[in-house]
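This briefing sets out selected structural features, grouped by topic. Please consult the sequence and the structure alongside the points that follow.

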Amino acid sequence: MNQNSARSAEEELDALTDLLMKNLEHSSDPDFFGMCSKCGQKVSGEGTGCTAMDKLFHIKCFICVKCGCQLTGKVFYKVDNDAYCEADYLDSLETCWYCHQHITDRILRATGKCFHPHCFNCEECHKNLDGVPFTLDNFNKVHCLEDYYRKYSPRCASCHQLILPEDGQDETVRIVSMNKDFHVRCYKCEDCNKQLSSEKGGSGCYPLDGHLLCQDCNAKKIQKLTAELDKPPRPLTTEL
């Protein structure tokens with residue numbers, strides 16, 4: 001406990017002790033109800049006092065800590081042992097970025113803003129995102145991951161399906177070749193179905209005429225094309 005906290009605790013204890021002693025001094029007075037927690041003076045006589053927050057007050061002393069209005073018979077809110085009228089209490093609350101209403105219960109903070117938990121939703125499919133992973137698009141709009149991937153993920157040029165993260169993964173892995181996107185599993189030679197890889201020691205891609213080929217199949221196609229080009233031209237004949 002630091003020095004300031006110790007001093008505060010001592011002052012509170014002294015105040016309580018003083019209040020108890022004053023209560024004992026006036027205990028024989030039939031009109032005495034106790035000592036006011038606000039002004040420290042005795043509360044005596046019917047209709048002069050009230051009890052709130054487990055304390056006794058003069059009616060005139062039980063007021064809003066901010067605006068000073070009397071709170072007897074009105075709705076009030078206790079905040080850090082202080083009493084606030086309803087208007088000042090609501091004015092002190094955070095406002096939901098989505099519905100612009102005061103947040104009187106749990107606050108959900110996300111993307112630098114405050115929300116009611118039920119107001120934080122995907123802007124595309126409106127799925128509630130309280131406790132659910134989400135992401136932002138290029139316009140800072142909130143999306144659930146399913147909607148984001150469905151809208152922004154590339155399609156594989158081979159199987160034409162969306163390229164999505166594998167189960168349990170947060171990142172998408174894809175291969176870009178010939179200005180096209182491929183799943184890793186779909187990045188294969190179109191002739192022999194051999195898995196291609198750009199990693200060191202792997203079977204690289206040797207495209208030809210827009211087709212994915214491994215080195216061997218590429219060489220075979222080039223040999224075939226070369227052989228066809230080397231064939232002598234067919235003689236021209238004239239039919240009578």
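Helices (H or I, at least four residues) and strands (E, at least two) are DSSP runs, numbered from the N terminus. This is a predicted model, in which local features need pLDDT of at least 70 and side-chain atom pairs count only at pLDDT 80 or more, while totals for chains, interfaces and linings use all residues. Residues are numbered from 1 along each chain as its sequence is written, and side-chain values use heavy atoms, with hydrogens and water left out.

**Overall composition**

- The chain contains four helices and twelve strands.
- Of its 240 residues, 25% count as buried; buried means under 20% relative accessible area, exposed over 50%, and partly exposed in between (1.4 Å probe, protein chains only).
- The accessible surface of the chain is about 17,500 Å², and carbon and sulfur atoms account for 49% of this area. Accessible areas come from the Shrake-Rupley method with a 1.4 Å probe, and for residues only the protein chains shown count as cover.
- Of the contacts in the chain between residues at least 6 apart in sequence, 13% join residues at least 24 apart, where contact means heavy atoms within 4.5 Å.

**Hairpins**

- Strands β1 (residues 32-35) and β2 (residues 42-44) pair in the antiparallel sense over three bridges; two strands pair if DSSP finds at least two bridges between them.
- Gly34 has Val43 in β2 as its bridge partner.
- Six residues lie between the strands of the β1 and β2 hairpin, where Gly40 adopts a positive phi near 80°.
- Strands β3 (residues 49-52) and β4 (residues 55-58) run antiparallel and are joined by four bridges.
- Thr51 stands opposite Leu56 in β4.
- Two residues lie between the strands of the β3 and β4 hairpin, where Met53 takes a positive phi near 55°.

**Loop residues with positive phi**

- Most residues other than glycine have a negative phi.
- Asp80, in the loop between β5 (76-79) and β6 (82-85), has a positive phi near 50°.
- Asp80 counts as exposed because its relative accessibility is 72%.
- Thr111, in the loop between β7 (108-110) and β8 (113-115), has a positive phi near 55°.
- Thr111 has a relative accessible area of 32% and is therefore partly exposed.

- Asn218 is located in helix α4 (residues 215-230).
- With 11% relative accessibility, Asn218 counts as buried.
- Leaving aside residues up to four places away in sequence, Asn218 touches Tyr206, Pro207, Leu208 and Leu213.
- Cys99 is in the loop between α2 (86-91) and β7, and its relative accessible area of 25% makes Cys99 partly exposed.
- Not counting residues up to four places away in sequence, Cys99 touches His116 and Cys119.
- Cys99 and His116 are 17 residues apart along the chain, and their C-alpha atoms are separated by 8.5 Å.

**Second largest pocket**

- A pocket is an open set of points on a 1 Å grid over the protein atoms alone, where a 1.4 Å probe fits, with protein on both sides within 12 Å along at least five of seven lines; lining residues have an atom within 4 Å of a point.
- The second largest pocket holds about 240 Å³ of space; grid points are joined across faces, edges and corners, and a volume is the space filled by probe spheres set on the points.
- The second largest pocket has 14 lining residues, and Trp97, Tyr98, Cys119, Asn121 and Glu123 lie nearest its centre.
- The lining of the second largest pocket comprises seven nonpolar, four polar and three charged residues. Ala, Val, Leu, Ile, Met, Phe, Trp, Tyr, Cys and Pro count as nonpolar, Asp, Glu, Lys and Arg as charged, and the others, Gly among them, as polar.
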